[in-house]
Amino acid sequence: MNNYQPKDFVETAEGLIFAVVTEDQEDQRILSSLRYQRTTNGYKKLSTSEAEKLLQDSYPYYLYYSTTRDVWLHGVGVDRIVYHHQPRLRLLEILQAEPNDQIEAKLQRLIKLFKAEGLETGEIGVTGSMLIGAQKTSSDIDLVFYKREVFFKAREIIKTLIAKQQLQPLHETLWQDAYARRGCALTYDEYCWHEHRKYNKAAIEETKFDISLLTADRWQDLIRYRKQGRVNLKTTIADDRNSFDYPARYSLSHPAIDEVISYTATYSGQALRDEQVEIQGQLEVSIAGHLRIVIGTNREASHEYIKALSSQHH
């Protein structure tokens, strides 16, 4: 059984490249999101709306209604996949070869810096544009970690390397760029206030990189939920232990709603235990009556957010 995980990419014979969003398959389909199209000039990155339009016009059989999630997604039949792009294998490939460009050279140096600080690098992969060799000079480096303790150690190392000036904190232009790419519901100041304390992003020689965590915990996708409409509330975070997971998960001190789940990277590591937060997202209820709020029902999560209330006093 080929194990398709989030952050992997799958490519079809038509040259469509989808990012896998969950390892649970439905009807022999990989649930995913179309990100790139292979053209005669290399890969073309697609926005959410371009991807939707392309599938609706030309490849409607990849549009799939997920009954488990009560949402339209992109679903790629396992039999249609011609290539499975895997982050760990791709990173290994880049580390063992001569770099093709500046970005690959920087990635090699970044991994060397991590290793020099004692990080175990066998459980790291590279995703995003570099996974398929579609990076440009302006591209970011997206690293995915497969072990919780390695990821948390990497955050400490980033802090250390910034202090040693071997890595740089993001400067204004890189923050502006990150904010613009995210298109999130927070103001720029709120966004930066939250990001500055996460230590999951920094720059190596002017190139931004970020790190994310993907663990084998399979709790999230086994239960059916139904959407109940949008909700906005103020509450307190009861537990932040899984706040950097994919999806990020926070337990709430709320009389009715147990937790908030975010599929949007912006809101991972967003709030700390005992912090007062404001949350806006989709309320969902399971067959057992368990209530949760989901953020990232679409990729931009345009009206959905988690913010620490203390971020507004800065």
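The legends below describe close-up views of a predicted model.

**View 1. The largest nonpolar core and the elements that build it.** In this predicted model, the largest nonpolar core holds 29 residues, and those with the most contacts inside it are Leu 107, Phe 114, Leu 143, Phe 145 and Phe 209. At least two residues of this core come from each of α2 (87-96), α3 (102-116), β8 (124-127), β9 (141-145), α4 (148-163), β10 (201-204) and β11 (207-213). Helix α4 gives the most to this core, with 7 residues. Apart from this core lies another one, of 27 residues, among them Val 231, Ala 248, Leu 252 and Ile 293.

**View 2. The surroundings of Phe 209.** Phe 209 is one of the residues with the most contacts inside the largest nonpolar core. When its neighbours within four places in sequence are left aside, Phe 209 is in contact with Leu 110, Phe 114, Ile 141, Ile 158 and Leu 167, and also with Asn 200, Lys 201, Ala 202, Ala 203 and Ile 204.

**View 3. The buried and exposed sides of helix α1.** In α1 (residues 48-58), the buried residues are Ala 51, Leu 54 and Leu 55. They cover an arc of only 95° around the axis, and therefore lie on the same side of α1. An α-helix has 3.6 residues a turn, so residues three or four places apart point the same way. The face of α1 turned away from the buried side carries the exposed residues Ser 49, Lys 53, Gln 56 and Asp 57. The cover over the buried residues of α1 includes the strands β2 (16-20), β3 (29-39), β5 (63-66) and β6 (71-77).

**View 4. The buried and exposed sides of helix α2.** The buried residues shown in α2 are Pro 87, Arg 90, Leu 91 and Ile 94. They cover an arc of only 100° around the axis, which puts these residues on the same side of α2. On the other side of α2, Leu 89 and Gln 96 are exposed. Among the elements that cover the buried residues of α2 are β7 (81-85), α3, β8 and β9.

**View 5. The packing of helix α2 against helix α3.** The two helices, α2 and α3, pack at an angle of about 100°, with their axes 9 Å apart. That angle makes α2 roughly perpendicular to α3. From α2, the residues Arg 90, Leu 91, Ile 94 and Leu 95 meet Glu 104, Leu 107, Gln 108 and Ile 111 of α3. The residues of this contact of α2 with α3 divide into 5 nonpolar, 1 polar and 2 charged.

**View 6. The packing of helix α5 against helix α6.** Helix α5 (residues 172-182) and helix α6 (residues 188-195) pack at an angle of about 110°, and their axes are 11 Å apart. The helices α5 and α6 are therefore roughly perpendicular to each other. On the α5 side, Glu 172, Trp 175, Gln 176, Ala 178, Tyr 179 and Arg 182 take part in the contact, and they meet Tyr 188, Tyr 191, Cys 192 and Glu 195 in α6. The residues of the contact of α5 with α6 divide into 6 nonpolar, 1 polar and 3 charged.

**View 7. Gln 165 and Gln 168 in the loop between α4 and α5.** Gln 165 lies in the loop between α4 and α5, and its phi is near 65°, a positive value in a residue other than glycine. Gln 165 is exposed, with a relative accessible area of 66%. Gln 168 is found in the loop between α4 and α5 and is partly exposed, with a relative accessible area of 30%. Leaving aside its neighbours within four places in sequence, Gln 168 is in contact with Ile 162, Ala 202, Ala 203, Ile 204, Glu 205 and Glu 206. The C-alpha atoms of Gln 168 and Glu 206 are separated by 7.9 Å, although these residues are 38 residues apart along the chain.

**View 8. Backbone details at Lys 7 and Pro 247.** Most residues other than glycine have a negative phi, and most peptide bonds are trans. Lys 7, in the segment before β1 (9-12), has a phi near 80°, a positive value in a residue other than glycine. The peptide bond from Tyr 246 to Pro 247 is cis, with omega near -10°, and Pro 247 lies in the loop between β12 (225-242) and β13 (248-252).

How values were computed:
Residues numbered from 1 in each chain as written. Predicted model: local features only at pLDDT ≥ 70, side-chain atom pairs only at ≥ 80, totals over all residues. Heavy atoms only, no water. Axes fitted to C-alpha atoms, helices over the stretch in contact; angles between N-to-C directions. Helix = DSSP H or I, 4+ residues; strand = E, 2+ residues; numbered from the N terminus. Parallel < 35°, antiparallel > 145°, perpendicular 65-115°, else oblique. Contact = heavy atoms within 4.5 Å. Nonpolar A, V, L, I, M, F, W, Y, C, P; charged D, E, K, R; others polar. Buried < 20%, exposed > 50% of the residue type's maximum accessible area, 1.4 Å probe, protein only. Arc of directions from axis to C-beta. Core = buried A, V, L, I, M, F, W, Y, C linked by side-chain atoms within 4.5 Å.
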